[in-house]
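Keep the 3D view open and turn it as you read.

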Number of protein chains: 2
Amino acid sequence: MSADLATVAWLTGLATDIESGPSPFSAAPVVVLDPDGSALLATSEDEAEGAADDVDVRAFPGFAVEDVDRAGESARVVLEAVAGARAVAVDLATLPGTVAAALAREGIDLADVSADLRRARAVKDREEVEAIRHAIAVADAGQAAARAALAVGRTELDLWTETRGAMERAAGGRIPVLADLVTGPRTADVGGLPGDRAVAQGDLLLVDLVPRVGAYWADSCATVAVDEAPVEARRAHDASRHALERAIALCQSGTRVEDIDAAARETVAEAGGAYPHHTGHGIGTAYHEEPRVIGGTDRVLEPGMVVALEPGAYGDGWGVRVEQVVVVTEGKPEILSGHDLAL
Amino acid sequence: MSADLATVAWLTGLATDIESGPSPFSAAPVVVLDPDGSALLATSEDEAEGAADDVDVRAFPGFAVEDVDRAGESARVVLEAVAGARAVAVDLATLPGTVAAALAREGIDLADVSADLRRARAVKDREEVEAIRHAIAVADAGQAAARAALAVGRTELDLWTETRGAMERAAGGRIPVLADLVTGPRTADVGGLPGDRAVAQGDLLLVDLVPRVGAYWADSCATVAVDEAPVEARRAHDASRHALERAIALCQSGTRVEDIDAAARETVAEAGGAYPHHTGHGIGTAYHEEPRVIGGTDRVLEPGMVVALEPGAYGDGWGVRVEQVVVVTEGKPEILSGHDLAL
């Protein structure tokens, strides 16, 4: 049982509206997976149609002129779904307190299996890879728009509006987007939200776009110079691209992620650079998920994992980063990203 | 104790990032209010700076290259904050399951006070009214941009990109926005997300903008005709404006909201119209909160309540709605909205 929006989306297909936070006309959707593999979804009737056809949807009232206790209704539906159970495997942190308390009141033992769920989600089937490919095409459209919009005198928010507009046109509607869009000295901060800073001569633009299309997220990053970049930044950018290529070449079934992490960092370090963040991470129904590509871990890549790799380097008043997404196979990884990585 | 983002914002000032859903590098912020009135906030160190100066912030790790059990850390901090308590008043539905389970394990009794919290949040102090006024100015900028962008041949997404861009420029950065933006026959559906429909001769545009600026939400709605609106829609629009004026005139301390609801519906009905939604609702750190302006309830207005009123009418292939926000006082209500309501 889970109310993690990413796990709900993974098991039921429901991509919850998230752009304006939790709705007062809903309660968190909860998925209950039967040992036989079938999924039951407790959700608001306003969201019920978002579930896949083979999901047993138990809806509680959505928008209503009357007052409705949606949290109570949700807990009631969930409790009905596990009636008779003595123990339930749960993603405990994500369960609403009302559900957790109701289960406790019934004397049902809870086993927290959140780590197992995260591991299971990391391996994608063909349909999921296609959904991510589709989302990445939307991110590519955003990257192209950001690059085209970059010009001295325009503000970060101007670039952002065109970038987001291009992604929403490509997607055919509004989509949630996590993004870094920073220019000039702000690129040294690794990332940040677009503001009213105007682009100046000699600036870099660092743009990391993470749109969700349907239930699946994309990820992409590029760094673009408004004219001639400083030599230090150019060298760091070259090194980041080499680090990315080297990391991708290593992305094969059976590889330890810490080896990929070490190789990417080493390549950047050889050019005198470094980055304070992870080398990469899985993407799917969450924008950061397993496998995290970091050091000091025994994670190993498996076929079907979808991994975003994003080495970079950050100096005094400048920062560069490049990112592509790959699918792990038995042989060479497949690169899903199609955006321009040129500085 | 509450993990409702709106209550957390109300008690601590923290406006959580919400546009891309819950962050994998955080856990839900939890506020613990001491009987002496002081607030303690358990949150990620990445969000800690968002809290007001007088809040006792207990931070758990945020973004990290290492693996961190943020849900566990959050539950530990929260449990420490209520150490020794035998009973805690909680907003139960909002508590993470890990926190609810940890409290239960300690034998701490939980009293669900969510309804009391919602009632308390409904009455705003002067500072909150100013924050809402500021957010409404941003919504006004969006309304002006939508009206200016309306032209035959442009798509809803085109209008949306300009509208959102204008609001983000007015706010100086990215902001979450809930919105209806529909044209032509889609206005009959009351609302909906902008899509790739192109504006045609004779169309109406229905645009309902709900941006959050800082921790506070605004709300606003207008209906705009691309040229001459059909006579039935014009009549319904006139009636909706009269209903809005009548509802606002009734917004005084001591008025029963069901009387406001009845008056607005009656005015629209006299012109042959009707609307299937509420007449209004409170706004604040949530975009829909108490007092809901509906029938069949004994809610009564109090000074300091901030109420959005939004009568409309929907027919065969058309729909109209107008909305303004007012502050309830002992005398005449103060209108916060400044956007153009003309058809």
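In chain A, α7(A) and α8(A) run roughly antiparallel to each other. That label follows from the angle between them, because anything over 145 degrees counts as roughly antiparallel, and the axes of α7 (residues 231-250) and α8 (residues 257-270) of chain A cross at roughly 160°. Those two axes come within 8 Å, and the crossing of α7(A) and α8(A) is right-handed. Bear in mind as you look around that this is a predicted model.

Which residues make the contact between the two helices? On the α7(A) side, look for Ala239(A), Ser240(A), His242(A), Ala243(A), Arg246(A), Ala247(A) and Leu250(A). Facing them from α8(A) are Asp259(A), Ile260(A), Ala263(A), Ala264(A), Thr267(A), Val268(A) and Glu270(A). Sort the α7(A)–α8(A) contact by class and you get eight nonpolar, three polar and three charged residues.

Now zoom out to the whole of chain A. Where they touch, 10 residues of domain 1 of chain A are in contact with eight residues of domain 2 of chain A. On the domain 1 side, the elements giving two or more residues are α1 (5-12) and α4 (114-122) of chain A.

Next, bring chain B into view. Here 45 residues of chain A are in contact with 44 residues of chain B. On the chain A side, two or more residues come from each of α3 (97-105), α6 (156-171) and β6 (177-183) of chain A. The largest share, six residues, is from α3(A). By class, the chain A side that touches chain B has 26 nonpolar, 13 polar and six charged residues.

How do the two chains relate to each other? Chain A can be laid on chain B with an RMSD of 0.0 Å, using a turn of 180° and a shift of 0.0 Å along the axis. That is the relation of a two-fold axis. To find the axis from chain A, go to Glu19(A): its C-alpha is the nearest one in that chain, 2.1 Å away from the axis. The interface fits this picture too: 98% of the interface residues of chain A are also interface residues in chain B, so the copies meet through the same surface.

Definitions and conventions: Residues are numbered from 1 along each chain as its sequence is written. Chains are lettered from A and ligands numbered from 1 in the order in which they are written. This is a predicted model: local features need pLDDT of at least 70, side-chain atom pairs count only at pLDDT 80 or more; totals for chains, interfaces and linings use all residues. Two residues are in contact if their C-beta atoms, placed from the backbone, lie within 7 Å. Helices (H or I, at least four residues) and strands (E, at least two) are DSSP runs, numbered from the N terminus. Ala, Val, Leu, Ile, Met, Phe, Trp, Tyr, Cys and Pro count as nonpolar, Asp, Glu, Lys and Arg as charged, and the others, Gly among them, as polar. Axes are lines fitted to C-alpha atoms, for helices over the stretch in contact, and angles run from 0 to 180 degrees between N-to-C directions. Angles under 35 degrees count as roughly parallel, over 145 as roughly antiparallel, 65 to 115 as roughly perpendicular and the rest as oblique. A crossing is left-handed if the near helix is turned anticlockwise from the far one by less than a right angle, and right-handed if clockwise. Copies are superposed by least squares on the C-alpha atoms of residues with pLDDT of at least 70 in both.
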